[in-house]
Amino acid sequence: MKYVDEYRDPEALRRAAGRVLDGATRPWTLMEVCGGQTHAILESGLDALIAERVTLLHGPGCPVCVTPLETLDRAVSLAGTPGVILCSFGDMLRVPGSRGDLFGARARGGDVRIVYSPLDAVRLAARTPEASVVFLAVGFETTIPSVAAAARWARKQGLTNFFLLASHVRVPPALAAILEAPGCRVDAFLAAGHVCTIMGTSEYEPIARRFRVPIVATGFEPLDILQGIALAVDQLERGEARVEIQYRRAVRPGGNPAARAIVEDVFAIGDRPWRGIGVIPDGGFVMRESWAGFDALRAFPDLLSEIPRESPACRAADVLRGVLRPPECPEFGRGCTPDRPLGAPMVSAEGACAAYFHYRIAGAAGEAGAESIA
Amino acid sequence: MCLAVPGRVRVVEESDGLLLATVDFGGVRKRVCLETLPEAKVGDWILVHAGFGLQILDEAAAEEVLRWVAPRARSGGDA
Amino acid sequence: MSRAYDPNRLASPICPLPVESDLITLSHGAGAGASARLFEQVLWPHLKNEALGARHDGAVLDAGGARIAFTTDTFVVRPIEFPGGDIGVLAVHGTLNDLAMCGARPIGLSCALILEEGFPLATLGRVVASIAGAARASGVEVVTGDTKVVERGKGDGIFVNTAGVGIVPPGRDLRPARVEPGGIVIVSGPIGCHGAAILSVREGLEFDSDIVSDTAALPDLVESLLDAAPGTRCLRDPTRGGLGAALHEIASAAGVEIEIEELSIPVTEPVRVVCELLGLDPLFLASEGRLVAFVPEAEAERACAALRSHPLGRDAVRVGRVLAGRAGVVVRTRIGARRFLPLPAGDPLPRIC
């Protein structure tokens, strides 16, 4: 596959790792904030190649994990409401709320459908005027343009039975929250390349300046990640703290203005709760008043009798900020496993805790880590 | 976040009030919405996420990553 | 790192409910983690016996000196007709293959149909013609069967159950428990074609491709393999849950570590592309005309050669080895790192993340 295979060539990856190690005179700690990057790192095991000099932390880059419990509970409740068809991306089907997950809702007779694109949910609404079609809309800035475009298409067709149960979040305020937290040990960030494809890189400038951290907009193939790391380490070694683009084939400094205009029509920036972290000011998007007719929260008020609370044993907040590595959590693998997760990062395969649990082969006693390469 | 895959635009058309493209991903073809990327043209390589175009890929920039990691010439190299 | 957990520590009233519920969910039928748990926790406690405990595709029973292999399977595929085949062909191949995985030569099939009121007779005609054609091509007959009809809304068109019996020649003993460290893992061809073909026509995911199901009858291929490599320990056809789930089952039943090489796993380009697009792992997509074989190192070359000289095994390849160690499946990645292969809870779901 073009634009994919070249960035997975094992020899190229070894050379790239060599570049990273050559450029580092001391150990550095980097955080990536993207489930896709977490996935690529764990699948390839590339962190083992550079472990001598670079520690990689996995931040709250999994929108599935950071979707608030109350959103999940509302989705489950809607799925069980007669006359409602709940549409969702596949990622969300097994995420447990406080009353089970959407799979369980389907087993209990709820109408839950998986869609690949939000447009499919709109098409369904057009085909089934007697039903209310609610799309569970989660994701970072990468996904919100497609959700907004779908809502606009629904309005264009005059549909009155299409709704969004929206929980979209923004990355930059999360980075700031991580950097502000006491005990933060992040030296530099790899910014999520596809988020930057839409948003550009200007939002990261104030953060880089204020906290004096390099931020490199990085792609998703193993070679991209290694080059992103090399660029970040270069800056750190020189005492620089700039926003830089590794993923230049897809990220322009100005991002994608057409996509952003679509988002701005439907959504405004607002405070949003991040599961495991809490409310982050300006941490996400809220639907504008002019789109109230498409807001599932307005069409279906009173879905929850109370706001659910998280387990007190869960250390998600510390894990998501990079202060605690999953295997260091006392509940990791004991009271908290993917089958019975206590909190957000154990919930989806790309959450930091679940990723360690699933992929890591134990190294030293008490600490999981990739085995050294033979 | 963000599973996005590169593909080549083969056809661009309006349908049902949407700007759509038929995109070829290594032999597999899928309909993709270009409302978020209206400037994409036939022949462009684009990045696709959740059925929508995100950005047109810059071929030169793609090559640069490979050049960065190309084997370095050895000093006093082989004949 | 301890991977066991203490259920007594889970009694937090605020903790999210466990994924398991008291109802059957679709995950239970996916052939992966939830299916395994359903078997272990709900079915096995009642049905425990040695034959069932072998955890293989079919059971081998003693019948006054001869050994009979006996297997059954139910087919619920949607859509009923897909690129490369239909539910009828799938049903016959599936049962013939399960017999072959026991080393048995099939001698007869049964076929039971559950039809929904309103199901078109023309479609039924095509399905039955497919069943007959597939059976005939393998030299086996459908010798007994049953037909039931349920009310409209209670049956999703058609469900097909097939059962099969076969004779296991003396000297053959193919089952997971025989898999040992030192063994080599061989796959007969590219994986996941059937799963990808089904996805291509599943509503909401439609894409155009040349992918067709790999459904095929394997008994003949198996005979070629066992002639060349009589020391073969175990065979499995990786259907629901794919190669990944099959390897997990065998690793667990045999108590071994199975290590596979990422770059050796055979996947055709179109299937790879579909998996990239939908965020799926080809290791967990179904194949319906492939087998994975566990053979001793000394016979691995001969086994590969025998497979490759057969039309259904042209692309056979070594994909890994069996090691002593904690039971599970490990991937040696393209850069040489080792990591676990996690077993999904249920069917792979398209991701955006």
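# Questions on a predicted model

Q: What pLDDT do side-chain atom pairs need in order to count?
A: Residues are numbered from 1 along each chain as its sequence is written, chains are lettered from A and ligands numbered from 1 in the order written, and side-chain values use heavy atoms, with hydrogens and water left out. This is a predicted model, where totals for chains, interfaces and linings use all residues, local features need pLDDT of at least 70, and side-chain atom pairs count only at pLDDT 80 or more.

Q: Which residues of chain C are linked with Glu257(C) in a network of salt bridges?
A: A search of the whole structure turns up 39 salt bridges over all chains. In chain C, a network of them links Glu257(C) with Glu259(C), Arg321(C), Arg332(C) and Arg338(C).

Q: Which residues does Gly328(C) contact, leaving aside its neighbours within four places in sequence?
A: Gly328(C) is in strand β13 (residues 328-332) of chain C. Its relative accessibility is 12%, so it counts as buried (under 20% relative accessible area is buried, over 50% exposed, in between partly exposed, with a 1.4 Å probe and protein chains only). With contact meaning heavy atoms within 4.5 Å, and those neighbours left aside, Gly328(C) touches Ala251(C), Val256(C), Glu257(C) and Ile258(C).

Q: What is included in the cover over the buried residues of α5(C)?
A: Helix α5 (residues 193-200) of chain C is mostly covered, with eight of its eight residues buried. Among them are Cys193(C), His194(C) and Ser200(C). The cover over these buried residues includes β3 (81-82), α3 (87-101) and α8 (269-278) of chain C.

Q: About what omega does the cis peptide bond between Arg78(C) and Pro79(C) have?
A: Most residues other than glycine have a negative phi, and most peptide bonds are trans. Pro79(C) lies in the loop between β2 (66-75) and β3 of chain C. The bond joining Arg78(C) to Pro79(C) is cis, with omega at about 0 degrees.

Q: Is Arg212(A) buried or exposed?
A: Arg212(A) isn't a glycine, yet its phi is positive, near 55 degrees. Look for Arg212(A) in the loop between α11 (205-211) and β8 (215-218) of chain A. Since its relative accessible area is 54%, Arg212(A) is exposed.

Q: What is the radius of gyration of chain A?
A: There are 16 helices and 11 strands in chain A, and 67% of its 374 residues count as buried. The radius is taken over C-alpha atoms, and the globule rule is 2.2 Å times the number of residues to the power 0.38. A compact globule with 374 residues would come out near 21 Å, which agrees with the value for chain A, 21 Å.

Q: About how much area do chain B and chain A bury between them?
A: Buried area is the accessible area (1.4 Å probe) that two parts lose on being put together, summed over both. The contact draws 50 residues from chain A and 37 residues from chain B. Of the area buried between these chains, 65% is on carbon and sulfur atoms, and the total is about 3,700 Å².

Q: Which element gives the most to the side of chain B that touches chain A?
A: The rule finds two salt bridges across this interface, and Glu59(B) with Lys2(A) forms a salt bridge there at 2.8 Å, N to O. Elements of chain B that each supply at least two residues to that side include β1 (5-15), β3 (28-33) and α1 (59-68). With seven residues, the one giving the most is α1(B).

Q: How many residues apart in sequence are the parts that Glu13(B) and Arg31(B) tie together?
A: Glu13(B) and Arg31(B) form a salt bridge whose closest N and O atoms are 2.7 Å apart. Glu13(B) lies in strand β1 of chain B and Arg31(B) in strand β3 of chain B, so the distance in sequence between the tied parts, in residues, is 18.

Note on methods
A salt bridge is a side-chain nitrogen of Lys or Arg within 4 Å of a carboxyl oxygen of Asp or Glu. Helices (H or I, at least four residues) and strands (E, at least two) are DSSP runs, numbered from the N terminus.
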